[in-house]
Amino acid sequence: MKVLITGANGFIAQNLIEHLKRDKNIELYLYSRKDSLNILEAYVKEVNFIFHLAGVNRPKDNKEFYEGNTKLTQIIINILLKENKNTPILLSSSIQSELDNDYGKSKLEAEQSLLDYSVKTSANVYIYKLPNVFGKWSKPNYNSVISTWCYNISHDLDIQVNNKDSEVNLVYIDDVIKSFISKLNSISDEKYCKIDIVYKKTLAEIEELLYAFKNNRNSLIIPEVASGFERALYATYLSYLSSDNFSYTLKGYQDERGTFYEILKTLDSGQFSLSTTAPGVIRGNHFHHTKNEKFLVVRGEALIEFRHIVTNEIISYPVSDKEMQIVEMIPGYTHNIKNTGNEEMILILWANETFDQNNPDTYFLEV
């Protein structure tokens, strides 16, 4: 299939291109503002599907709205009509097409041109009245408040919040692209299409999450980012980090036994840590009533010992980096770990709860 994408240098188009270019059955034709109308005409004549994503939303002169939104759409349609083609067209419009402003009017006129084209040719047209779209590669101070805030916060710049209770409707770029691509082989005669997942959030909610992402490097507490809006916003925030700011240093604790580092703390599933232990050194000799942990030796060798605090039953597990073996620390057993090798031993630990200085549930008792 031969596919034309207009506005090829734009935020949405760049994400769409990176998805489609992986499909060997698709040949892409890319048109951007720097290209001539002759190139556009040649491409329109050639392709089987058009993603019309080009548009103007921040011009110096309001006349540019109609040049870039209305007129360009009509130029594409005129080429198709002249060639007697009924190529399917997907248009990225805006919810502002329902408003009484020049941007909205120009988008509405583009929509109407497509509807007229569909009537004349029976071509499938797909019109998306998009709300605020957010995601990687969106331009700060241009595309959306989220892109601006992600950039500013990740670069230690202030953000401006006029009304924290103000609500915005948001769609994530990956959901937009998924919906767009689904139309490539669609036989639906629907004209107006919607993104399945729309998030409605207050500016206060967005601000709070973004600062939590930023502060994670110090607090080590990561919000719930496995699904939904938080997952999408976290990915977006990370994409705005400058290339010299992808890493950060953990603050550890060191003594004659070795080192200890907290790595990550979750809101509801405990924390991850790492320790190093010198040869011959024993760590632990404590038990928990409720807290539980998982130990994984990733370098060196060790002996993990348990003693039941009531029956005094003793159990031992030799472990090493030769086999990635996790050993569970069971409540009611005092336990320790001894480096039995000749080199520094490295241990990764998970605890089901974050450490609480006021209620550590940790009681020292030798095995």
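Here is a short chat about the fold and overall build of this predicted model.

User: What's the helix and strand count for the protein chain?

Analyst: This is a predicted model, and its protein chain has 21 strands and eight helices.

User: Is the chain spread out or compact going by its radius of gyration?

Analyst: Spread out. The radius of gyration is 29 Å, while the globule rule gives 21 Å for 367 residues, so the chain is more spread out than a compact globule. The C-alpha trace spans about 90 × 45 × 35 Å along its principal axes.

User: OK, and how much of it counts as buried?

Analyst: 44% of the 367 residues.

User: Switching to sheets. Which strands make up the open one with β14 in it?

Analyst: Five strands, running β17-β16-β19-β14-β21, with antiparallel pairing.

User: Which ones sit at the edges?

Analyst: β17, residues 314-320, and β21, residues 363-364; each of these pairs on one side only.

User: How many bridges link β14 and β21?

Analyst: Two, in the antiparallel sense, with β14 covering residues 282-287. Across that pairing, His286 stands opposite Phe364 of β21.

User: What about charges, how many positive and negative side chains?

Analyst: There are 39 positive and 48 negative ones, and the centres of the two sets lie 7 Å apart.

User: Last one: what share of the contacts with a separation of 6 or more comes from residues 24 or more positions apart?

Analyst: Such residues account for 73% of those contacts in the protein chain.

Terms used: Residues are numbered from 1 along each chain as its sequence is written. This is a predicted model: local features need pLDDT of at least 70, side-chain atom pairs count only at pLDDT 80 or more; totals for chains, interfaces and linings use all residues. Side-chain values use heavy atoms; hydrogens and water are left out. Two strands pair if DSSP finds at least two bridges between them. Helices (H or I, at least four residues) and strands (E, at least two) are DSSP runs, numbered from the N terminus. The radius of gyration is taken over C-alpha atoms; the globule rule is 2.2 Å times the number of residues to the power 0.38. Buried means under 20% relative accessible area, exposed over 50%, partly exposed in between (1.4 Å probe, protein chains only). Contact means heavy atoms within 4.5 Å. Lys and Arg count as positive and Asp and Glu as negative; His and the chain ends are not counted. The place of a charge is taken as NZ of Lys, CZ of Arg, CG of Asp or CD of Glu.
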